[in-house]
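Here's a quick tour of some rings, charges and helices. Have the sequence and the 3D view open while you read.

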Amino acid sequence: MYAFDSRIRYSEIDHKERITLPGIINYFQDCSIFHSENIGFGVNRLKEEGRAWVLSGWQVVVERYPALGEAVKVCTWPTGFKGAVGERNFLMLDAEGKKAAYANSIWVYMDREKGRPVKPCEEEIEGYGMEALLEMDYAPRKIRLPEGMTEGESFRVRKYHIDTNEHVNNCQYVQMALEVLQEEVKVRQMRAEYKKSAVYGDVIRPRIAKETERTVIELCDTEGKPYAIVELTGE
């Protein structure tokens, strides 16, 4: 397991002085990056080797949203590797050691030049290690699309959406989905399924459907093919 301690910053909170959902996701993402850097397979090394871990799916559950200044511990550990696919759990604990949020994630190891999955080397797998699955209610990997989805207003990918892999960062899709709704939503669980990578300048066409217990936002290209699907479930 890799972990680091932090405090909830002003830049991570909303108007109610609570961390946002993207703020929690960014903590989890940062923790996985720190883990990779710590074992010697960080951003620069993977760039040199033409490799990248690309997120395929998220399931994030929020027990509560910590407030400004709260101390938190963020933890992550791999739970399995199979071929080019790796799975990883995350956990955010408060000062009393209670769960504030937790997550499961699925990653694909990619050859950046060829644009196809490739198995990571044994040195990298051994460096990460593996631990037992976190006890949680694991959702299916695929998100069911509702019928009768409605079109939202299209927008372009901006420079601040782009990460070191030169495509839209996984958390930015979640932020896009929240903004598309144009209303405040307190999310208990977020699931995301990533289909293909959007890059700077691409146009994103959102499609939205609200059901009794969930809201689904499909972020598509101009031909209607999805970049990402985000499912939000309230309390």
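Let's start with a charge and a ring: arginine 45 lies over the face of phenylalanine 41, 3.9 Å from the ring centre. Keep in mind that you're looking at a predicted model.

**Charges over rings**

**Aromatic pairs**
- The count of aromatic pairs comes to 9.
- Take tryptophan 58 and phenylalanine 90: their ring centres are 5.3 Å apart and their planes are at 50°, so this pair is tilted.
- Tryptophan 58 belongs to strand 2 (residues 51–62) and phenylalanine 90 to strand 4 (residues 85–93), so the pair ties together parts 32 residues apart in sequence.
- Are these two buried or exposed? Tryptophan 58 has 3% relative accessibility and counts as buried, and phenylalanine 90, at 0%, counts as buried too.
- There's also an aromatic cluster, formed by Trp53, Phe81, Tyr109 and Tyr128.

**Two helices side by side**
- Helix 1 (residues 21–38) and helix 4 (residues 170–181) have axes that come within 10 Å and cross at roughly 175°.
- Angles over 145 degrees count as roughly antiparallel, so that's the label for helix 1 and helix 4.
- On the helix 1 side, the contact is made by Leu21, Pro22, Ile25, Asn26 and Gln29.
- Helix 4 brings Asn170, Cys171, Val174, Gln175 and Leu178 to that contact.
- What classes of residue make up the contact of helix 1 with helix 4? You'll find 6 nonpolar, 4 polar and no charged residues there.

Methods. Residues numbered from 1 in each chain as written. Predicted model: local features only at pLDDT ≥ 70, side-chain atom pairs only at ≥ 80, totals over all residues. Heavy atoms only, no water. Phe/Tyr/Trp six-rings, centres within 6.5 Å; stacked < 30°, edge-to-face > 60°. Helix = DSSP H or I, 4+ residues; strand = E, 2+ residues; numbered from the N terminus. Buried < 20%, exposed > 50% of the residue type's maximum accessible area, 1.4 Å probe, protein only. Lys NZ or Arg CZ within 6 Å of the ring centre and 35° of its normal. Axes fitted to C-alpha atoms, helices over the stretch in contact; angles between N-to-C directions. Parallel < 35°, antiparallel > 145°, perpendicular 65-115°, else oblique. Contact = heavy atoms within 4.5 Å. Nonpolar A, V, L, I, M, F, W, Y, C, P; charged D, E, K, R; others polar.
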